[in-house]
Structures are given as C-alpha cells and as structure tokens.
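Here are my notes on the model you sent over.

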Amino acid sequence: MSGFEVIIYEKQDGTGYVTLNRPQALNAYNIRMRDELYEVLGAIRDDPEVRVVIFKGAGEKAFCAGADLSEFLTAPSPIIARRARFERDVWGLFLSIEKPLIAAMHGYVLGSGIEIALCCDIRLASEDARFGLPEPGLGIIPAAGGSQTLPRTIGGAAALEMLMSGRWITAGEAYRLKLVNRVVSRADLLPEAERIADKIKAYNPLAVSYIKQAVTRGLDLPLEAGLELEAKLGRRLALATGERA
Ligand code: COA
C-alpha cells in the first residue's frame, strides 16, 4: 500500500508496522490520518500475511499528541462530524480486528494517542513517555472510545482522575496503573515490541486470534456467558485444526 501522507505502513515477515508520521506536529491525529488509518486497518484485517501489528510514532518527541488542534478549531458541524463517523468508524474498525496489536509508545502520548493505544492488546512505553488526556481543558470529552476503554483497562477511579483532572502521568505510573504492560529504554522500545511479535508469530494464528476474542469480548460479558464463549471458540478451533474438543 502506498500514497499515504501521514502514515507509513510496512510489512515484514508477517509483522505490520504502522507509523504515525507527522513528527513536525508531534503526530497529532488529523482528518487525513483518520482516513489513512481507516484504510490501513482494513488492509490489516483482510491480509492473511499480517499476523501481528506494531503501532509507533515517528520522530523523537511523541507517539501522538492527540487530536490536531488546528483542525479542532475549524471543526465541521456536529452533524457533519457525526456523518463522517458513521462513514468511517475508525475506532469500531480498530476494536474489531482479531489479530494481536502492539503499541510502542514514546514521548508525548496524549488524547487520541492514548485511545489508539487502548485499541491495542499489548502496550509498551519507553521511560520518557508521558500520558495525559487534555480533553477537559478543551471543554470536550474523549471521542475515540477513551471514556469506555480507559476505565476497562485501569479501573474507574484512576480513569476518572485522569479524565476529569487532566493530570499527566509518567511511564512508571502508567505501568503501576496497568495502562502499559512494561517500560523499557527508548533504544529497546521497538526491539522489545518485535521480540513480543516474534513470539506471537510462532503460534497458530487461529489460536491467537481466538484467545484475543475470548479475552476482549469476554471482558464485556458476565462470567457464565464468557465461559460459553470460551467453550464455543475452543470447539471451533478444534474443528478447524482437525482435533477433538
Ligand atoms: N495539534 C496540532 N499541532 C500540534 C499538536 C496538536 N495536538 N501538538 C503539538 N503540535 C505542534 C505544535 O503546534 C508545534 O508546531 P510548530 O512547531 O509549527 O509551532 C509542534 O507540534 C511542536 O509542539 P510544541 O508545542 O512546540 O512542543 P513542546 O514540546 O513545547 O510541547 C506539548 C509539547 C505536547 C506539551 C504541546 O505541543 C501541547 O500541549 N500540545 C497539545 C496537546 C493537546 O491538547 N492535544 C489535544 C488532545 S484532545
């Protein structure tokens, strides 16, 4: 895939690399990025060669500094914005991908930057990463699922504090809150993501995909229904691999 301006999409040995690529604007998420991300996510979902995906930010300073504030000030009307959302539900598409997604974050991780990471399954941060949700200071609420995905990840109280007070946290605190799986040096960020990707790729992709579905869908279900889901996916996997359940 080519012709992108603000995203770089590469594939190597079954790993897809999505780089948010507006370093001069700290990789702020603009409409162009939304459109390109939508296209890339569709390709990731449909391409059997892609087994695992790593998301990262270009440049030294940021994974993503949130929504593009220059566009925010000239936003279309709520009706147009809502129509655009129905046409291109990037976040719904993100969460529907049944492949493992890894976020490798450095520097500023703000607003939609956190929300992109929350659509991923494994989150790594470098020591210099700083996380914040500036939305309340702008008089808005998260628009990319953050009000739902953040409390499901770090719990209601911690999410409410970050979302209501706008307090930024360090990589160390993000680790303690379980917002990120681990913190590594800046130099080790991508290699660590690749090590995890390589381990995942060694396994049966269908088993990995069903594990992701069982866990992510199960989190929203009562235990009994979650156990049924696990049993159903287990039977389906056994059928697909020709084994007895
Ligand atoms: N939208 C558009 N442009 C942004 C941006 C954003 N969210 N965040 C940073 N940029 C741009 C800056 O305007 C600046 O552009 P310029 O060089 O043309 O002036 C460039 O990125 C570098 O940012 P700068 O502010 O100079 O870097 P800094 O290290 O001094 O500060 C931040 C970094 C993240 C603290 C600061 O840029 C900031 O507060 N950004 C806005 C964060 C935000 O509110 N995001 C919205 C979330 S909903």
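1. Bear in mind that this is a predicted model. The chain has 12 helices and 10 strands. Its radius of gyration is 18 Å, close to the 18 Å that the globule rule gives for 245 residues, so the chain is as compact as a globular protein of that length. Taken along the principal axes, the C-alpha atoms fill a box of roughly 60 × 40 × 40 Å.

2. Now for burial and surface. Of the 245 residues in the chain, 44% are buried. The chain exposes about 12,900 Å², and carbon and sulfur atoms supply 56% of that area.

3. How do the contacts run along the sequence? If you take contacts between residues at least 6 apart in sequence, 70% of them join residues at least 24 apart.

4. Take Gly-14, which sits in the loop between β1 (7–12) and β2 (15–20). Is Gly-14 buried or exposed? Its relative accessible area is 19%, and buried means under 20%, so Gly-14 counts as buried. Leaving out residues up to four places away in sequence, Gly-14 touches Glu-49, Val-50, Arg-51, Val-52 and Lys-201.

5. With a relative accessibility of 11%, Tyr-29 counts as buried. Its contacts, again not counting residues up to four places away in sequence, include Arg-34, Leu-37, Cys-64, Trp-91 and Ile-116. Asp-68 is also touched by Tyr-29; the two are 39 residues apart in sequence, yet 5.3 Å apart in space, C-alpha to C-alpha.

6. Have a look at the second largest pocket too, which holds about 910 Å³ of space. It is lined by 30 residues, and the closest to its centre are Cys-120, Asp-121, Lys-212, Thr-216 and Leu-219.

7. Which elements build the lining of that second largest pocket? At least two residues each come from α4 (90–96), β7 (122–126), α7 (146–154) and α11 (205–218). The largest share, 7 residues, is supplied by α11.

Definitions and conventions
Residues numbered from 1 in each chain as written. Predicted model: local features only at pLDDT ≥ 70, side-chain atom pairs only at ≥ 80, totals over all residues. Heavy atoms only, no water. 1 Å grid on protein atoms, 1.4 Å probe; cavity = no way out; pocket = protein on both sides within 12 Å on 5 of 7 lines; lining within 4 Å. Points joined across faces, edges and corners; volume = space filled by probe spheres on them. Helix = DSSP H or I, 4+ residues; strand = E, 2+ residues; numbered from the N terminus. Rg over C-alpha atoms; globule rule 2.2 N^0.38 Å. Buried < 20%, exposed > 50% of the residue type's maximum accessible area, 1.4 Å probe, protein only. Contact = heavy atoms within 4.5 Å. Areas by Shrake-Rupley, 256 points an atom, 1.4 Å probe, with all protein chains shown as cover.
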